[in-house]
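Q: Please take a close look at a single residue in this structure and describe its setting. I would then like to see that residue placed in the context of the rest of the chain and its partner.

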2 protein chains.
Amino acid sequence: MTTTNPELEYGFPTEEFEMRVERAQRKMSSHELDAIVLTVPPNFRYFSGFESQFWESPTRPWFIVVPREGSPVAVVPEIGAPQLEETWIEEIHTWPAPRPEDDGVSLLSSVLSDVPRKHGRVGMELGREHSLRMPVEDLESVRNSLSGVEIVNGSPCIWEIRMVKTDREVDRIRHICEIVSDAYANVPTLISAGDSEREACRKLRIDILRRGADSVPFLPGISGPGGVPQIVCGPRDRVIQDGDILFFDSGSTFDGYFSDFDRNYAVGDVSDETKRAQEAVWQATEAGIQAAVVGAKTDDLHRVMGKVLEEAGSLGNNVGRFGHGLGMQLTEPPSNMPGDGTVIKAGMVLTIEPGMEYAPGKMIVHEENLVVTEDGPVLLTKRAPRELPIIG
Amino acid sequence: MTTTNPELEYGFPTEEFEMRVERAQRKMSSHELDAIVLTVPPNFRYFSGFESQFWESPTRPWFIVVPREGSPVAVVPEIGAPQLEETWIEEIHTWPAPRPEDDGVSLLSSVLSDVPRKHGRVGMELGREHSLRMPVEDLESVRNSLSGVEIVNGSPCIWEIRMVKTDREVDRIRHICEIVSDAYANVPTLISAGDSEREACRKLRIDILRRGADSVPFLPGISGPGGVPQIVCGPRDRVIQDGDILFFDSGSTFDGYFSDFDRNYAVGDVSDETKRAQEAVWQATEAGIQAAVVGAKTDDLHRVMGKVLEEAGSLGNNVGRFGHGLGMQLTEPPSNMPGDGTVIKAGMVLTIEPGMEYAPGKMIVHEENLVVTEDGPVLLTKRAPRELPIIG
């Protein structure tokens, strides 16, 4: 029950948060925002360091206001105050929650009214890849109670801030990637033909936890003859059989940071056609990794991976992209796809995730995680073997 | 690696969903809604039976439209179609996602335009205990593209539907409550003084999974001398010591349904004052259980529990309520608190969760889960022992 890197302690020093806020404030200036308001747990945690599994309960909203100048202000239910006081956040406003007739609405409005004004605009999580964590009706109440301050879409600004990771963030992603890499390498000794998909997932989930993950919020395990029909649902009661491809994907966490990568296994013998598809997707992954350099675009990553897959006779796939950003969420912007247009910067953590349907109903999807550095891409996962590992 | 009730199979027959839709349609009529639109995973799953861990990724919205007459219609990203086709849902519309410039917006608008109109109102998850799972800006686009149809707050209608559970739903909640009850009973053999809170949580999480839970999304473990300072954050690196109260809360799942109850343990010797607080909270739980009868109000539950705690010298607590609804989410309406006003009906599943601070920084909180029947409350958890179990 130890982590693979016992030197890596939980939590961040105050200077980390000061650095994040300073960077955020520069971005806010360029987006002409007087403040951003965060409600989504990873955003709240990003600026406060506050962690709570209690966010699993949707009853009470939590807010953190990061002004363009000065320190962040928390507006939270009373139940959260004792522990929030132990973070670096100094200004904390609370209300007795739940209070459905006014769950933080008037308190948040009052804090926002006090934010120094220059642009008259406050950004909230209203756009791409954000589901605001408060009732929409309450947002409307906040909007109506403010005068001289407009609530606008802050998502582009927030994602600009979070897309580039700090060294300490990368350390945590690397750590969880290593834990899961080791668990994946152990799968052939853990799982065998005759297990159901459910049993296989249960065994792997326990193994990942044993190795030091805090949680495993995402672990589909899917099997099918020569490939899988889809990659988003499962496990099912299906029993794993000779000739199957067994596919695991996993989003596990350490100290609030995710890994997100998959692995494929051959159950006994698989056909030469399947092996050729495996080789093609492995090569596409290679191409994607090599292309993840500063200055390239996410569109380029898609193009180089797509080229390898097309030449191998891909029938396409329904995933819509070949990877994405990774950090405090299983998936984050950008998307490796045509039209995304994100220019890759040092510090971005990306998944490289090519996949193809090589015959009707038979998909092979690979995935690795990397950080982009000035010196090129650096893998955070332990690279999948070129040939499919075999499960007996 | 077996479940405690191997007869309980995953999934529901079609008649279960037909019954849910029929009931929903009656409620929609009384709320004067032509349709409800569901985006939040438990709501989507409630009407479709579709399960996916993929919802961990916030990139793509998913929609299910339940009209006042006729069958539900799904509007989903292409990636979800193969598996959704295996559910009872027959009408499925897909778009190639992600497509940030139009992620389901025009498709959802077109489906809503085709819904037969009587009231000109469509309900969405805009109110209490709902965080709409789509960008607010996209909601605004849908609103603007509709003519003659108003999008209104459908939350009260949706919660009316989901608050009363079917027998099959209760079976699943009972099953996961039994699994976790057995794991809690095993804690004194699993965990000992000298373990850190993190190690203790890791051991318990693995034990709950071994016993047949699908996942453990919520498992704070908190320790403190004679009681805990708060109940929402943790585990920490703190080492469990003699004289501590060790508190676990847990939300574990089976087939999409949650348990949510806690347990307290004495680490070695604890003071008589702590034992008296334990007795008071245990008695308050008894009172809460007995009061959970058809026709009572959630306010009454709070009152009877509060009376016991006040008489025992409670300094109050910051939780704001003494329990809540339970089902496909860790917490659901109603709230056992003054002013909630929900009249208790047969089929409601509730947590009974009294707690008090009996000395500054020392809280004791208990919790049990029950289903209300015409014949009175029936516990789903195995009742906590009256005296604190001891950890060596």
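Predicted model: local features only at pLDDT ≥ 70, side-chain atom pairs only at ≥ 80, totals over all residues.

A: Contact here means that heavy atoms lie within 4.5 Å. Leaving aside residues up to four places away in sequence, Val66(A) touches Val21(A), Met28(A), Ala35(A), Ile36(A), Leu38(A), Phe47(A) and Pro72(A). Val66(A) has a relative accessibility of 0%, and therefore counts as buried; the cut-off for that term is under 20% relative accessible area. A reference distance places the residue within its chain: Ser252(A) lies 186 residues from Val66(A) along the chain, and their C-alpha atoms are separated by 29 Å.

Of the 392 residues of chain A, 64% count as buried. The chain contains 11 helices and 19 strands. Its radius of gyration is 23 Å, close to the 21 Å given by the globule rule for 392 residues, so chain A is as compact as a globular protein of that length. Along the principal axes, the C-alpha atoms of chain A fill a box of roughly 65 × 40 × 40 Å. Among contacts between residues at least 6 apart in sequence, 70% join residues at least 24 apart.

Another buried part of chain A is helix H6 (residues 155–163). Seven of its nine residues are buried, so the helix is largely enclosed by the rest of the structure. The buried residues of H6(A) are Ser155(A), Cys157(A), Ile158(A), Trp159(A), Ile161(A), Arg162(A) and Met163(A).

Gly148(A) is located in the loop between helix H5 (136–145) and strand E6 (150–153) of chain A, and is exposed, with a relative accessible area of 62%. Not counting residues up to four places away in sequence, Gly148(A) touches Arg117(A) and Gly120(A). From Gly148(A) to Val239(A) the C-alpha distance is 62 Å, at a sequence separation of 91 residues.

The surface of chain A can be described next. The chain exposes about 13400 Å², and carbon and sulfur atoms supply 48% of this area. Its side chains include 39 positive and 62 negative ones, and the centres of these two sets lie 3 Å apart.

Chain A also meets a partner: 68 of its residues are in contact with 68 residues of chain B. About 6000 Å² is buried between the two chains, with 56% of that area coming from carbon and sulfur atoms. On the chain A side, Gln53(A), Arg202(A) and Val232(A) lose the most area to chain B, and together they account for 12% of what that side buries.

Within chain B, helix H2 (residues 41–48) has seven of its eight residues buried, so H2(B) is largely enclosed by the rest of the structure. Among the buried residues of this helix are Arg45(B), Tyr46(B) and Phe47(B). These three residues also touch Arg20(B), which is placed in helix H1 (residues 14–30) of chain B. Arg20(B) counts as buried, at 2% relative accessibility. Further residues touched by Arg20(B) include Phe12(B), Thr166(B), Glu169(B) and Tyr257(B). Just after H2(B), Gly49(B) adopts a positive phi of about 80 degrees.

Conventions
Residues numbered from 1 in each chain as written. Chains lettered and ligands numbered in written order. Heavy atoms only, no water. Helix = DSSP H or I, 4+ residues; strand = E, 2+ residues; numbered from the N terminus. Rg over C-alpha atoms; globule rule 2.2 N^0.38 Å. Buried < 20%, exposed > 50% of the residue type's maximum accessible area, 1.4 Å probe, protein only. Areas by Shrake-Rupley, 256 points an atom, 1.4 Å probe, with all protein chains shown as cover. Lys, Arg positive; Asp, Glu negative; His and termini not counted. Charge placed at Lys NZ, Arg CZ, Asp CG, Glu CD. Buried area = accessible area lost by both parts, 1.4 Å probe.
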